[in-house]
Amino acid sequence: MGQITPQPGIMDIALYQGGESKIDGANRVTKLSSNENPLGPSPAAKTAYLEAVEDLALYPTTDHRALREAIAQVNDLDADRIICGAGSDEIIAFLCNAYAGPGDEVLHTEHGFLMYAISARAAGASPVVAAEAERVSDVSALIAAMTDKTRLVFIANPNNPTGTMISAAEVERLADALPDQALLVLDGAYAEFVSDANFDAGASLVETRENVVMTRTFSKIYGLGGLRVGWGYAPRHVIDTLNRIRGPFNVSSAGLAAAQAAVLDQDYTARCRDENAKWRDWLSAQLAQIGIPSDPSHANFVLARFADEDQAVRADQWLRKGSLIVRHPMSYGLPECLRITIGDETACRAVIKFLTEFMESERA
Ligand SMILES: *Cc1c(COP(=O)(O)O)cnc(C)c1O
């Protein structure tokens with residue numbers, strides 16, 4: 001009996017490895033491997049989620065109007081240019097399925113988010129990698145890698161797992177260089193964390209051009225990773241296209257309700273942003289002091305660099321002895337690094353305590 005063969009490209013996809021959450025023998029761990037919000041979601045979001053229990057038998061709305069209007073109000077956007085998804089991962093998949101196929105190229109940066117290549121291959125298209133300049137997206141390299149087959153150009157700004165960002169002027173230079181048949185996708189999963197004055201998440205590019213899309217998520221600063229809610233901001237023709245392949249009930253009623261309450265609670269969001277910035281700056285300064293460099297991060301994690309892969313593996317093991325789980329970003333081509341999510345004060349202090357001991361043990 002024959003075995004059915006998947007579509008071309010599917011078997012080239014390496015299985016996505018999520019951040020680990022367990023250590024054998026430890027019953028309490030601190031998970032700093034998936035860039036989750038250590039403070040959790042807004043209390044208003046939890047209340048909305050609990051209230052959604054009364055209507056579990058009912059299908060959710062298909063137009064997501066209330067959530068789109070809340071997002072639009074808070075971010076000063078046009079609700080008709082917003083599309084909601086089961087995480088921004090789903091928006092990325094919609095874009096690849098709608099615009100890329102066999103023979104087409106999907107361009108992303110060297111240490112770019114893994115879902116770009118996964119979704120490109122799932123659509124039968126070919127991922128193409130543009131080198132970064134010392135772990136920073138390199139617009140000149142991206143432009144040089146564009147061809148007449150390029151259909152989508154993905155950059156995360158700030159990027160995961162590097163934490164670095166490029167300026168609004170650089171993003172505009174990239175948008176200006178797009179070939180006619182391509183779309184630029186600005187993945188703003190960490191946009192809410194940025195305080196740099198040169199940053200822009202790209203909404204005005206979306207509004208003034210026909211070929212720029214922005215994606216955002218409720219999984220990071222809003223602390224709702226478990227509910228899977230994300231959104232995209234795009235020109236009308238793109239929204240119209242993506243809505244044709246979107247499942248009518250792709251976001252759950254509880255997810256919609258919690259996300260709406262979360263985005264409307266901007267006081268809480270500001271507190272999360274401030275706490276993150278405070279402990280991110282503290283963590284990177286402490287790392288530098290014990291001889292572990294990292295690039296200035298604009299997100300809710302720091303990419304710590306070690307001497308080589310072996311030392312990163314030993315540091316990871318040392319942290320695990322302290323029940324601390326971070327991410328060793330091997331699949332991102334960064335074997336000598338560990339990506340450490342900014343946890344709460346206790347978690348940040350524990351990371352530094354264990355890494356200080358580790359660096360001492362390395363010198364002994
Ligand atoms: C976490 C993350 C996402 C968001 O994923 P969701 O599907 O919305 O949870 C998107 N892009 C990048 C770069 C991320 O790190």
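I sorted the shell around the ligand by residue class and noted 4 nonpolar, 5 polar and 4 charged residues, where Ala, Val, Leu, Ile, Met, Phe, Trp, Tyr, Cys and Pro count as nonpolar, Asp, Glu, Lys and Arg as charged, and the others, Gly among them, as polar. I kept in mind that this is a predicted model, in which local features need pLDDT of at least 70 and side-chain atom pairs count only at pLDDT 80 or more, while totals for chains, interfaces and linings use all residues. Residues are numbered from 1 along each chain as its sequence is written, and side-chain values use heavy atoms, with hydrogens and water left out.

Which residues come nearest to the ligand? Of the 13 around it, I wrote down Asp187, Tyr190, Thr217, Ser219 and Lys220, a residue being near if one of its heavy atoms lies within 4 Å of the molecule.

I then looked at polar contacts, that is, pairs of N or O atoms within 3.5 Å (within protein, one must be able to donate a hydrogen and the other to accept it, and residues adjacent in sequence count only if both atoms are side-chain atoms). Aspartate 187 places a polar side-chain atom 2.6 Å from a nitrogen atom of the ligand, and tyrosine 190 has a side-chain N or O atom 2.6 Å from a ligand oxygen. For lysine 220, I found a polar side-chain atom 3.1 Å from an oxygen atom of the ligand. The protein buries 94% of the 390 Å² that the ligand exposes when taken alone, with accessible areas from the Shrake-Rupley method and a 1.4 Å probe, and, for residues, only the protein chains shown counting as cover.

Where does the ligand sit? I found it in the largest pocket, by the rule that more than half of its atoms lie within 2 Å of the grid points. On a 1 Å grid over the protein atoms alone, a pocket is an open set with protein on both sides within 12 Å along at least five of seven lines, a cavity is a set of points where a 1.4 Å probe fits but cannot get out, and lining residues have an atom within 4 Å of a point.

The largest pocket holds about 420 Å³ of space, a volume being the space filled by probe spheres set on the points, which are joined across faces, edges and corners. Its lining has 25 residues, and Tyr16, Ser34, Asp89, Phe113 and Lys220 lie nearest its centre. The elements giving two or more residues to this lining are α3 (88-99) and α4 (114-122), helices (H or I, at least four residues) and strands (E, at least two) being DSSP runs numbered from the N terminus.

I next counted 2 cavities of 30 Å³ or more. The largest cavity has about 110 Å³ of space and a lining of 14 residues, among them Asn37, Pro38 and Cys272; helix α10 (residues 266-289) gives the largest share, 4 residues. The second largest cavity has about 30 Å³, and its lining includes Pro41, Ser42 and Ile221.

Last, I checked the backbone. The peptide bond from asparagine 157 to proline 158 is cis, with omega near -5°, and the bond from asparagine 160 to proline 161 is cis, with omega near 15°. Proline 158 lies in the loop between β5 (150-156) and α6 (168-176).
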